[in-house]
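Here is a short note to read alongside the model.

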Amino acid sequence: VRQFTPALLREIGLRPTRQRRLLANLLFGDGDRHITAEAVFTEVKTLGHKMSLATIYNNLRVFQSVGLLREIVVDSGKVFFDTNTSYHHHYLIEDDNTLIDIPEERIAVAYTHVLPAGFQVQRVDVVIRTRAGRCLGCSRLADCLSAAEAEVTCTPQR
């Protein structure tokens, strides 16, 4: 959990506008999270602040450009921003449009395609699309997974 003071934003190379300070503290004030610009917009409104969706998108892109956020594109019109910028993969729970982290060591990727000369693989992002199904004692995959271990903790009903 980091508190984004004007001095810290300047240190990162960002002008500490009121909007940036609000968004940074909202995004990073309570641990890692996956969030869409639209969800940020709703949270900003709920807190009683006024900010356009365009301003939110612009600032999320700025935060991404300085390495504070990672963009996860899950569909042509659906983008999440991840405050955890470490190398890891994701489950997309399609029932409620949420992402859950999968630690890198839980996914093995075999990459055999040969790139043209001068190109190199920067990173491979894996998004596993899931539906919750029916589990004993819960109704969502997120409730069945331990985020740290990304292992099933309940038994599916048959």
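1. Contact here means heavy atoms within 4.5 Å, while helices (H or I, at least four residues) and strands (E, at least two) are DSSP runs numbered from the N terminus. Please keep in mind that this is a predicted model, in which local features need pLDDT of at least 70 and side-chain atom pairs count only at pLDDT 80 or more, whereas totals for chains, interfaces and linings use all residues. Residues are numbered from 1 along each chain as its sequence is written, and side-chain values use heavy atoms, with hydrogens and water left out.

2. Let us begin with two helices. From H2, the residues Gln 19, Arg 20, Leu 23, Ala 24 and Leu 27 meet Thr 55, Ile 56, Asn 59, Leu 60, Val 62 and Phe 63 of H4. Sorted by class, this contact of H2 with H4 has seven nonpolar, three polar and one charged residues. (Ala, Val, Leu, Ile, Met, Phe, Trp, Tyr, Cys and Pro count as nonpolar, Asp, Glu, Lys and Arg as charged, and the others, Gly among them, as polar.)

3. How do the axes of H2 and H4 cross? The axes of helix H2 (residues 18–28) and H4 come within 11 Å, crossing at roughly 70 degrees. That makes H2 roughly perpendicular to H4. For reference, axes are lines fitted to C-alpha atoms, for helices over the stretch in contact, and angles run from 0 to 180 degrees between N-to-C directions; angles under 35 degrees count as roughly parallel, over 145 as roughly antiparallel, 65 to 115 as roughly perpendicular and the rest as oblique.

4. Which residues of H2 are buried? They are Arg 20, Leu 22, Leu 23, Ala 24, Leu 26, Leu 27 and Phe 28. Buried means under 20% relative accessible area, exposed over 50%, and partly exposed in between (1.4 Å probe, protein chains only). The buried residues of H2 pack against helix H1 (6–12), strand E1 (34–35), helix H3 (37–46) and H4.

5. Now to the charged pairs: the structure holds six salt bridges, each a side-chain nitrogen of Lys or Arg within 4 Å of a carboxyl oxygen of Asp or Glu. One of them joins Glu 71 to Arg 61, with the closest N and O atoms 2.2 Å apart. Because Glu 71 sits in strand E2 (residues 70–75) and Arg 61 in helix H4 (residues 53–65), the pair ties together parts that are 10 residues apart in sequence. Glu 71 is partly exposed at 23% relative accessibility, and Arg 61 is partly exposed at 37%.

6. Arg 70 forms a salt bridge with Asp 125, the closest N and O atoms being 2.6 Å apart. Arg 70 lies in strand E2 and Asp 125 in the loop between strand E5 (98–103) and strand E6 (127–130), so this pair ties together parts that are 55 residues apart in sequence. Arg 70 is buried, at 4% relative accessibility, whereas Asp 125 is partly exposed at 39%. A network of salt bridges links Arg 70, Arg 123 and Asp 125.

7. One more salt bridge is worth a look: the side chains of Glu 94 and Arg 131 meet at 3.6 Å, N to O. Glu 94 is partly exposed at 29%, and Arg 131 is exposed at 57%.

8. Last, a backbone detail. Most residues other than glycine have a negative phi. Asn 97 is not a glycine, yet its phi is positive, about 50 degrees. Asn 97 is found in the loop between E4 and E5 and is partly exposed, with a relative accessible area of 39%.
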